[in-house]
Structures are given as structure tokens and as C-alpha cells.
Amino acid sequence: MKHIVVLISGNGSNLQAIIDACQQKKINGTISAVLSNKADAFGLERAREAGIPAHALTASQFASREAFDRQLMLEIDAYAPDLVVLAGYMRILSPAFVAHYRGRLINIHPSLLPKYPGLHTHRQVLENGDEEHGTSVHFVTDELDGGPVILQATVPVFEGDEEADVTARVQAQEHAIYPLVVSWFMDGRLAMKDNQAWLDGKPLPPQGYASEE
């Protein structure tokens, strides 16, 4: 059985989608642990409800980001994960952390990367009058939200939309595509080579799978 460790900072709705997919055998693996940098993150409760070990590690305990990440790596490696999944994990990772999990560290970001890296993506979409928005699953590299894209999903933006409308639309897509990408990795179909995402032995285009279809 292959092992997944999930890192969260908040509500954990994407974590829940992955928990559900594992329970439904849509993912050929198991979540071995959930770790959060916020002790009150509701996602930790989701993990406990599912019988998954849940741990919190708070930055105030450590002198630096590097020291925090060193301890985080020790906690993660205790579970010997095949894949580390960032699901709403809101800390910038140190280069040492990214290098340690290179090729087995993925993230989901609420925009059509490379558009709108960083925070407040839904707000930026509305302010700029975009008619299309979406979400991207990508491998993590040292560049913030800049690693190779694996899969994207688009959603329409309608006149009169508020941030909550756009957020809900994007999250519905996230809950569909993130477990799918995790399943590809667990099945040995997905890899990162030469700073590019590969699926079924073929390199994916910059916007990920099926971007031309």
C-alpha cells in the first residue's frame, strides 16, 4: 500500500475529497497522516474523524522557517510517504524542504497558472473583469506556485458574481481534480522529469493534461 501525507492550514475541504476517494478505492493508497501549521485547523478534525493521525506544528515553537521545516520533514518522514500533498497549506516552503520531496510534492492553487500566483486570486479575477477562472494542480518547485502544471479545470465568471460565488465554483472543481491527480501518482502514471510533468510516459504541455482539447 502506498502512503500519502497531507499538509493543511485550514478547513481541509480538499483533504476531505482525498479522504473520500481513498475510502471509495478511487485512489490506490492511504493517507497515513495529516499535519497542520495551525492547531485549530478544522482539517485536523476531519482527519481524526477518519481515523488518520493528525498533528499540529506551530511556527512560534521555532526560531526560523528552516528550523520549522526541518522538524516538519522529520514528522513527515516518520510515515515514509510516497507522495506529499499540499491542500490549502499556507506557509511558503524552504528550499531544503522542496528539494527533499522533489518529484513527490504536489499543490493545488486556485487560478489558471501561470496567472495569479500567490494570494487573493478570486478577488483579482473579479477586479480584472476576467470571464474565466479556475484551478491548477502542479508539482512544487522553488518558484512560488510555479512548478510544472499537471491538470487544470476552468470555471466561468458571471456578471454580478461575488467572491463567494467564484470560490464555491472553483472548489467544486478542485474536489474533482485533486483526487484524480493523486490517483495518477499512486498508480505510477505521473512523474516529474526535467522540470516537466509527465503522464503515461509523455510530457504534458505547460497548462497540463488535455489543455489543447
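Colleague: Which residues of α1 do you call buried?
Modeller: Ser 13, Asn 14, Leu 15, Ala 17, Ile 18, Ile 19, Ala 21 and Cys 22. Buried means under 20% relative accessible area (exposed is over 50%, partly exposed in between; 1.4 Å probe, protein chains only). This is a predicted model, with local features needing pLDDT of at least 70, side-chain atom pairs pLDDT 80 or more, and totals for chains, interfaces and linings using all residues. Residues are numbered from 1 along each chain as written, and side-chain values use heavy atoms, without hydrogens and water.

Colleague: What makes α1 mostly covered?
Modeller: Eight of its 11 residues, 13-23, are buried. Helices here are DSSP runs (H or I, at least four residues), strands likewise (E, at least two), numbered from the N terminus.

Colleague: What do the buried residues of α1 pack against?
Modeller: Their partners are the strands β1 (3-8), β2 (30-36), β4 (83-86) and β5 (105-109), plus the helices α2 (42-49) and α6 (163-186).

Colleague: Why is α1 called oblique to α6?
Modeller: Their axes, lines fitted to C-alpha atoms over the stretch in contact, come within 9 Å and cross at roughly 45°. That makes α1 oblique to α6, because the angle is not under 35 degrees (roughly parallel), over 145 (roughly antiparallel) or 65 to 115 (roughly perpendicular).

Colleague: Which residues make that contact?
Modeller: α1 brings Ser 13, Asn 14, Ala 17, Ile 18 and Ala 21. α6 brings Gln 171, Glu 174, His 175, Tyr 178, Pro 179 and Val 182. Contact means heavy atoms within 4.5 Å.

Colleague: How do the residues of the contact of α1 with α6 divide?
Modeller: Six are nonpolar, four polar and one charged. Ala, Ile, Tyr, Pro and Val count as nonpolar, and Glu as charged.

How values were computed
Axes are lines fitted to C-alpha atoms, for helices over the stretch in contact, and angles run from 0 to 180 degrees between N-to-C directions.
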